[in-house]
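The sequence and the model are shown here for reference.

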Amino acid sequence: MTGRKFFVGGNWKLNGDKKSIAELANTLNNAKLNPDTEVVCGAPSIYLDYARSKLNPNIDVAAQNCYKVAKGAFTGEISPAMIKDCGVNWVILGHSERRHVFGESDELIGQKVAHALESGLGVIACIGEKLDEREAGITEKVVFEQTKFIADNVKDWSKVVLAYEPVWAIGTGKTASPQQAQEVHDKLRQWVKANVSEAVANSVRIIYGGSVTGGTCKELASQKDVDGFLVGGASLKPEFIDIINAKA
């Protein structure tokens, strides 16, 4: 046993409406969920309040993004202060879609991480290589560089979950093999040990994301450095329950 509490996040992305969120909440609220697993649902910002009101208190809610300041002339953005005001305790930052679809830089993601943590939110910080980077053999270089920008902005690691999501596996149906996932998670933990501290390396949760399903979750969960999942499409379906219970 690592002492690290298994963590399963659902990233709903740009999906859902009040009807489907209420139905999903009802399904999750009535399911038998492993009490030893921390569960967080990432709702679109316009539904954060609604999702929080519908889900049982044992299920946390996350925003999918936020800005690096509390308030101001930043049209279309939301702040950690607003997220907290909705009773929401987590935010996902640095997701590959934010990086590669919306052009967010490592530097901006670092600034967002710093401000979210200073505001008292927990952060699910995402890192991961693209297919051409993996094929070029620079996976480690890419993920270590991304991790450094995050780590440089963290004072309290107890509020941070690192999510390794190989970009080539997100929404493609391709999952990293359990061995591929374990290899990167192990190297990330070694990087944290060398660059932050051994205590943080032993305690920080490193979760895997990228086409996780009810079918692939158990073997992935059995890897010693895989501390949970960040789940995309499957988090909108009843099989999310199977993924939450992957360690049961």
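**Overall build**

The structure is a predicted model, and its chain contains eleven helices and eight strands. Its radius of gyration is 17 Å, close to the 18 Å that the globule rule gives for 248 residues, so the chain is as compact as a globular protein of that length. Of the 248 residues in the chain, 52% are buried. Among contacts between residues at least 6 apart in sequence, 74% join residues that are at least 24 apart. The accessible surface comes to about 11300 Å², and carbon and sulfur atoms account for 51% of that area.

**Charges and salt bridges**

The chain carries 29 positive and 30 negative side chains, and the centres of these two sets lie 3 Å apart. Side chains of opposite charge can pair when their charged atoms come close. In this model the count comes to 17 salt bridges, and the table lists three of them with the distance between nitrogen and oxygen.

| Positive residue | Negative residue | N to O distance |
| Arg 4 | Asp 227 | 2.9 Å |
| Arg 52 | Asp 60 | 4.0 Å |
| Lys 112 | Glu 104 | 2.9 Å |

Which parts of the chain does the salt bridge between Arg 4 and Asp 227 tie together? The side chains of Arg 4 and Asp 227 meet at 2.9 Å, N to O. Arg 4 lies in the segment before β1 (6-11), and Asp 227 lies in the loop between α10 (217-221) and β8 (228-231), so the pair ties together parts that are 223 residues apart in sequence. With a relative accessibility of 12%, Arg 4 counts as buried, and Asp 227 is buried as well, with a relative accessible area of 4%.

For the salt bridge between Asp 60 and Arg 52, the closest N and O atoms are 4.0 Å apart, and both of these residues are buried. In the pair formed by Lys 112 and Glu 104, the closest N and O atoms are 2.9 Å apart; Lys 112 counts as buried at 2% relative accessibility, and Glu 104 is buried with a relative accessible area of 9%. Elsewhere, salt bridges that share partners join Arg 4, Arg 189, Lys 224, Asp 225 and Asp 227 into one network.

**Single positions**

Ala 81 and His 115 are 34 residues apart in sequence, and their C-alpha atoms are 9.9 Å apart in space.

Most residues other than glycine have a negative phi. Against that background, Lys 13 has a positive phi of about 55° although it is not a glycine, and Lys 13 lies in the loop between β1 and α1 (18-29). Ser 211, which is not a glycine either, has a positive phi of about 55°. Ser 211 belongs to the loop between β7 (205-209) and α10, and at 19% relative accessibility Ser 211 counts as buried, because the cut-off for buried is under 20%.

How values were computed
Residues are numbered from 1 along each chain as its sequence is written. This is a predicted model: local features need pLDDT of at least 70, side-chain atom pairs count only at pLDDT 80 or more; totals for chains, interfaces and linings use all residues. Side-chain values use heavy atoms; hydrogens and water are left out. Helices (H or I, at least four residues) and strands (E, at least two) are DSSP runs, numbered from the N terminus. The radius of gyration is taken over C-alpha atoms; the globule rule is 2.2 Å times the number of residues to the power 0.38. Buried means under 20% relative accessible area, exposed over 50%, partly exposed in between (1.4 Å probe, protein chains only). Contact means heavy atoms within 4.5 Å. Accessible areas come from the Shrake-Rupley method with a 1.4 Å probe; for residues, only the protein chains shown count as cover. Lys and Arg count as positive and Asp and Glu as negative; His and the chain ends are not counted. The place of a charge is taken as NZ of Lys, CZ of Arg, CG of Asp or CD of Glu.
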